[in-house]
Amino acid sequence: MNIKIISPVLDMIPMYLGIKLAALASRKELIDLEKRLSGSKINVSASVMVRWVSRFFHYLDRYFITRRSLPTLKEVGITCFRDLVYQELHGKVRDAVISLIDQEREGEQIDRGLLKNVLDIFVEIGMGDMEYYENDFEAFMLKDTAAYYSRKASSWILEDSCPDYMLKAEKYLKRENDRVSHYLHFSSETKLLEKFQNELLSMYATQLLEKEHSGCHALLKDDKVDDLSRMFRLFSKIPHVLDPVSSMFKQAQPW
């Protein structure tokens, strides 16, 4: 089927952003997708022609296709998009999205709304199955997340006191939660936070809690309630990490 014929059809379903992104990517061999995603405004407004074509095919969907037990317009559109566009471009788009996520982690401003629209393509291409989102995007994003926080943790543990490390960890944890609520699929939340906790907290828990002059003993001795509360919030969901803290607390009591 000629792509010029099906493009108006695909424009009517939630894949319109992907079609326009694909058109950008197919014009030049060396297109900077990351720059396109971060800096340009892709027009997602439906034209008058598309609205009329949509009405026409709605009639076919409702009567002709139903009576003949054929795939719906949406199903055919998504299948065509997947075979003609998605399979060629999803790797480049994924890498660009992950790069933008890392830039946001470093404090840069990105277009979250545009990222959500792009990631919705990975979800909707599965037509109810999360396989494409999980295999083509999420797995790579989680691997990048683990590597990112592994680098951060190895630096912070040498440079920061225990309270300062926990302050940074709490700030970044909030940002990861915000990321899920703004553009990642909600199913990524548990897996994303597990990567965060493992690399930033579990791997360095003992070293962090036993830091000289700023670890748990020092916090208990100086009655640093806010820091101890933060420690509990961060480590309470990680099995057995707080057991040594409990022992230190008992030893610090005057009785």
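The model is predicted: local features need pLDDT of at least 70, side-chain atom pairs count only at pLDDT 80 or more, and totals for chains, interfaces and linings use all residues. Residues are numbered from 1 along each chain as its sequence is written, and side-chain values use heavy atoms, with hydrogens and water left out. The protein chain has 13 helices and 0 strands.

**Overall fold**

- Helices (H or I, at least four residues) and strands (E, at least two) are DSSP runs, numbered from the N terminus.
- Of the 255 residues in the protein chain, 44% are buried; buried means under 20% relative accessible area, exposed over 50%, and partly exposed in between (1.4 Å probe, protein chains only).
- The accessible surface of the protein chain is about 14,900 Å², and carbon and sulfur atoms account for 53% of that surface (Shrake-Rupley method, 1.4 Å probe; for residues, only the protein chains shown count as cover).
- Contact means heavy atoms within 4.5 Å. Among contacts in the protein chain between residues at least 6 apart in sequence, 73% link residues at least 24 apart.

**Helix 6 and helix 7**

- The axes of helix 6 (residues 112-124) and helix 7 (residues 131-159) come within 6 Å and cross at roughly 125°. Axes are lines fitted to C-alpha atoms, for helices over the stretch in contact, and angles run from 0 to 180 degrees between N-to-C directions.
- The two helices are therefore oblique to each other (under 35 degrees is roughly parallel, over 145 roughly antiparallel, 65 to 115 roughly perpendicular, the rest oblique).
- Helix 6 contributes Leu119, Phe122 and Val123 to the contact, and helix 7 contributes Tyr132, Tyr133, Asp136 and Phe137.

**Salt bridges**

- The whole structure holds 16 salt bridges, each a side-chain nitrogen of Lys or Arg within 4 Å of a carboxyl oxygen of Asp or Glu.
- Arginine 230 pairs with glutamate 170, with the closest N and O atoms 2.8 Å apart. Arginine 230 lies in helix 12 (residues 225-235) and glutamate 170 in helix 8 (residues 162-182), so the pair ties together parts 60 residues apart in sequence.
- Arginine 230 is buried at 12% relative accessibility, whereas glutamate 170 is partly exposed at 25%.
- Arginine 230 also meets aspartate 227 in a salt bridge (3.2 Å, N to O). Both residues lie in helix 12, 3 residues apart, about one turn of the helix, and both are buried.
- Salt bridges that share partners join Asp102, Glu104, Arg105, Arg112, Asp144, Glu176 and Arg179 into one network.
- Glutamate 104 and arginine 112 form a salt bridge with closest N and O atoms 2.6 Å apart. Glutamate 104 is buried at 10% relative accessible area, and arginine 112 is partly exposed at 23%.
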